[in-house]
Structure formats: C-alpha cells, structure tokens
Amino acid sequence: METIVIALGGNAFLQKGQKGTAEDQWNNVIRAMKQIADIIERGYRVVLTHGNGPQVGNILVWMEAGKEKVPPLPMDIAGAMTQGWLGYMIMQALTNELKKRGIDKKVVAIVNRVLVDKNDPAFQNPTKYVGPYYTEEEAKRIAKEKGWIMKPDPRGGWRRVVPSPDPKANLEIDAIKSLVDAGYIVVASGGGGIPVIKEDDTIKGVEAVIDKDLAGEVLASSLGADYFIILTDVEGAMLNFGKPDQKVIRKIKVSELEKLYNEGHFPPGSMGPKVLACIRFIKHGGKKAAIGHLYKALEILEEKTGTIVVPD
C-alpha cells in the first residue's frame, strides 16, 4: 500500500474574507476532508500535516489583549496549542466523513516537536511576520518593552517578526511510523511542528515558526512516503506569477525545477518553500511531489491538474 503525506494550506481552515468563527472553520474543514476521504477511499495510506498561520496569530492577539490578567506564553507553546485545536477539527471532520462512506479508519492527531539547529542563521535574521498589526509608534514601544523585533509589513502596518529556521528532524517520527503501520490516519507536524533545539542533552522550545511545507517534507522523507502533496489556494507553481503571461508549471523533472528555483522564480514568502520542499522530497528518494489546489486533491494525485515534480 502506497503512503501519501498531504500538507494542508491555511485555506483548509480559513478562506479569504472570512471572520474565522468556529462555524466558518468547521465548514471549511468539513469541505476539505471530503477531498482527503476521496484519496483514502482509493486505498492509499494517508498522513496529514497543516499550517497554523492565522490561528497562531489569533492566539498572540488574545495573549496581548489579556496580558493584564493572564501572563502571555512563548511561541512554542502557542504552536502546541494550535496543534490541539486544528488536529481536533481534522480528526472529527475526517472521522465523520469516512464513517458516512462506510470506511472503518481511525484518525489520530499528535503533539509533535521538530528539531532545528540553534546556530541556524535564521535566528540572526528574523523574517516571519506573526501576530497583530501595530502603528510604528506602538511597534517601537513594544520592541523596547519586550525585546521583540518589529518590522514594517509590506501588507501595511508594523508587526513582530520571528525566526523561521530550517527543520532538521521530526522527534516523534518513530511513534508516527508505528501509528501508520497500525492503520491509523495520522495528523502530525502541525504548523511546521513545535520548534525545539538541543543544548547538550536537553531539548528546549524556541521563539520561532517553522515553514509547514519544509517540515512536511522532513516528515514525508522520514516516513519513506511514496508521494508528497502540498494543497494550497492556487493551481500550482507558476512562472511569472501575477503577470499577464503567468503560466502554471505542469509536469517537471526535479533538476529543471531546481534550476528555476535557484534562478529566483518563486517568492521566498509564498511559493518558494513549497517548491523547495518538493525538490528535497524527490532528491531524498520520493516517487512524486505535487503542488495544487485544496479542492482538487484527487485530480492532482491522478496528474490531471497541479504542478507534478518527478525524478530525473
């Protein structure tokens, strides 16, 4: 039986223009899980991972708003909170969808740490925007008070920036393998995993956010998965994105995609990590990687849509 690791984008929980109520999120997750159930129904072993950008941002807003009554918590704990929140929603929605189809499969979500290098250059150059928007005056005051690094966001306002270090290892991989082998559908590495470092023989959480697609590749490669699919809100990786001559890359060999990546065709904040994750997965022995739209998961697997990356 072939194994697929599927990375769900933020649109699985929150669509553009929505307020993000519990009802909005349930509706989105239920719709997304129909796509996943289509793949499970075809007989594949499925492992899921997911982003957490809007949710971890909300938690930071709540903590900031309530700081006079409840002490704020660090980002690694906020990340762990989102794994419980979103893992629960996926478990419930997918279990119910499979039951409707007469498929007797159990879904389990785990709290999952991902190791990063404490000497990663990202710690010296924070680039990942998180949390609420501030005026320049507020941002400078908060930076002084808390020691946070604040930068102007291209989308407007000032925001906190945190490091986004490269994932090195999934610390719960043996447990995930055992669960997959026992027939469970596993939700793991949520939000890119809880970022931790090793100091001597001690593991410690750090203030950072790991890219969920790069962490998903570590998960997929460590599991020896056959396929790695990244589901997002566009049809695939594009050349000349946002220009009149933009074009979706359909099927491409890994060496050709790596050349385009090295030439700078994919923006670092959006499509870049997705493309890099696909390149790494194929170079680590995967059979096929793909990027495509959340609501076309089965068609992506069947190579009818999306960007398909294959070995040379």
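Helix H5 (residues 173–181) packs against helix H6 (residues 212–223) at an angle of about 60 degrees, with their axes 10 Å apart. The model is a predicted one, in which local features need pLDDT of at least 70, side-chain atom pairs count only at pLDDT 80 or more, and totals for chains, interfaces and linings use all residues. Residues are numbered from 1 along each chain as its sequence is written, and side-chain values use heavy atoms, with hydrogens and water left out.

**Exercise 1.** Classify the packing of H5 against H6 and describe their contact.

*Solution.* Step 1: the angle of about 60 degrees makes H5 oblique to H6. Angles under 35 degrees count as roughly parallel, over 145 as roughly antiparallel, 65 to 115 as roughly perpendicular and the rest as oblique. Axes are lines fitted to C-alpha atoms, for helices over the stretch in contact, and angles run from 0 to 180 degrees between N-to-C directions. Helices (H or I, at least four residues) and strands (E, at least two) are DSSP runs, numbered from the N terminus.

Step 1: the crossing of H5 and H6 is right-handed. A crossing is right-handed if the near helix is turned clockwise from the far one by less than a right angle, and left-handed if anticlockwise.

Step 2: Ile173, Ile176 and Lys177 of H5 meet Leu219, Ser222 and Leu223 of H6, where contact means heavy atoms within 4.5 Å. This contact of H5 with H6 comprises four nonpolar, one polar and one charged residues. Here Ala, Val, Leu, Ile, Met, Phe, Trp, Tyr, Cys and Pro count as nonpolar, Asp, Glu, Lys and Arg as charged, and the others, Gly among them, as polar.

**Exercise 2.** Determine how H3 packs against H1 and against H2.

*Solution.* Step 1: helix H1 (residues 22–41) and helix H3 (residues 75–100) have axes 8 Å apart and an angle of about 55 degrees. H1 and H3 are therefore oblique to each other, and their crossing is right-handed.

Step 1: the H1 side of the contact includes Trp26, Ile30 and Met33, and the H3 side includes Trp85, Met89 and Leu98. By class, the residues of the contact of H1 with H3 are 16 nonpolar, two polar and three charged.

Step 2: the axes of H2 and H3 come within 9 Å and cross at roughly 120 degrees. That angle makes H2 oblique to H3, and H2 passes H3 in a right-handed crossing.

Step 3: among the residues in contact are Ile59, Trp62 and Met63 of H2 and Ala78, Trp85 and Leu86 of H3. The contact of H2 with H3 has 10 nonpolar, four polar and no charged residues.

**Exercise 3.** Which parts does the pair of Trp62 and Trp85 tie together?

*Solution.* Step 1: the whole structure holds four aromatic pairs. One of them is the stacked pair of Trp62 and Trp85, at 5.8 Å centre to centre and 15 degrees between the planes. Rings of Phe, Tyr and Trp (its six-membered ring) pair if their centres lie within 6.5 Å; planes under 30 degrees apart count as stacked, over 60 as edge-to-face and the rest as tilted.

Step 1: Trp62 lies in helix H2 (residues 53–65) and Trp85 in helix H3, so the pair ties together parts that are 23 residues apart in sequence.
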